[in-house]
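Take a look at the model below. We will start from a database record, then turn to a ligand, and end with a pair of helices.

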Amino acid sequence: GVAADREQAGAEAVTLDGRTIALGANIGSAAEAGNALANGAEEIGLFRTEFMYMNRDRAPDEEEQVRQYGAVFAAMGARPVVLRTLDIGGDKELPYLNLPAEPNPFLGWRAIRLCLDRRDLFDAQLRAMLRAAGADGQLRILFPMISTVSELRRAKAAVEEAVAGLRREGSAVPERWETGIMIEIPSAALLADVLAEEADFFSIGTNDLTQYTLAVDRMNEHISALYDSYHPAVLRLIRHVVESAHARGKRVGVCGEMAGDPSAVPLLVGLGVDELSMNAPSLPAVRRIVRGIRQAEACGLALAALGLEDGHQVRELLERGL
Ligand code: PEP
Ligand code: MG
């Protein structure tokens, strides 16, 4: 119940057989950090920074971004904060960038692709993230829509350049930071072994990974029955990502909607993910579920799911439970 959930808010999300799952909150503005903490978030697992850029006449400048990110670090103290770089495009438009209309916006000039071409936007954001973290913030920079290794290398180089520039100016920047990538395009999932050499962590975006794996527009209601994150093809990609990352000592989180879906929790834990990041109100129930399952049994469940025909069969399996 609600009272029990509240009591558990400070408790670690550890399975009955001792595996700890980090629980984070997804936020779209600095103002949401307080609510994340109130629901027991151990970290900000995803700050969708694009919302700061939307519904206005021009991009937020570096100073405004420093204030926003700084407020998140101030709220979270020593806890990790995952700041995702601008993930614009697809359904999220910024009229003031005057980008050309595209026949396939979801396959278009967006997210990291746009940022690597618009270094003015990207560099201002990276500088703001580093300045906001200061010397003590647990900064984790997350790049969206990575589909090739060279994009990750170029994005990391941009971070290094921003750090060097800030140091020259005498600004406090963190001694250490992490750079991770969203795994939300099938090419990235399939190339996870290669990407794991270059990334500090992975965050699986099941919303887009489902869309791109199944070729089903996540916004199109006529085909919403085909949009299924429980599809074994999606689950097999998740499994491959986890195995590839763990073989190289890297962590894997899930930050798509699936992470906050109670029925998906045993499945994702069984697939081996290390972190779940979700909308804050889902945290108490997910924590309770993690604390009630055994990793060993969840692994068996996940293994069975990987061999099923479709998402319906996976859901049936999950309903039968552990
Ligand atoms: C995702 O794709 O799963 C994700 C978390 O990113 P967004 O929903 O912002 O595209
Ligand atoms: Mg996405």
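UniProt, in an unreviewed entry, places the feature "binding site" at Glu184 and Asp208. Positions follow the numbering used here, feature names are shortened, and such annotations may be inferred rather than shown by experiment. The two residues are spread over 25 residues of sequence, yet they cluster in space: the largest C-alpha distance is 5.2 Å. Glu184 sits in the loop between strand 5 (178–183) and helix 8 (186–190). Helices (H or I, at least four residues) and strands (E, at least two) are DSSP runs, numbered from the N terminus.

This is a predicted model: local features need pLDDT of at least 70, side-chain atom pairs count only at pLDDT 80 or more, and totals for chains, interfaces and linings use all residues. Residues are numbered from 1 along each chain as its sequence is written, while chains are lettered from A and ligands numbered from 1 in the order in which they are written.

Which residues are around ligand 1? They are Arg48, Asp87, Glu184, Gly205, Thr206, Asn207, Asp208, Cys255 and Gly256. Each has its C-beta atom, placed from the backbone, within 6 Å of the ligand. Helix 10 (residues 206–214) gives the most to this shell, with 3 residues.

Now the helices. Two packed helices are described by the angle between their axes and the distance between the axes. Helix 6 (residues 119–133) and helix 7 (residues 149–169) have axes that come within 9 Å and cross at roughly 60°. Axes are lines fitted to C-alpha atoms, for helices over the stretch in contact, and angles run from 0 to 180 degrees between N-to-C directions.
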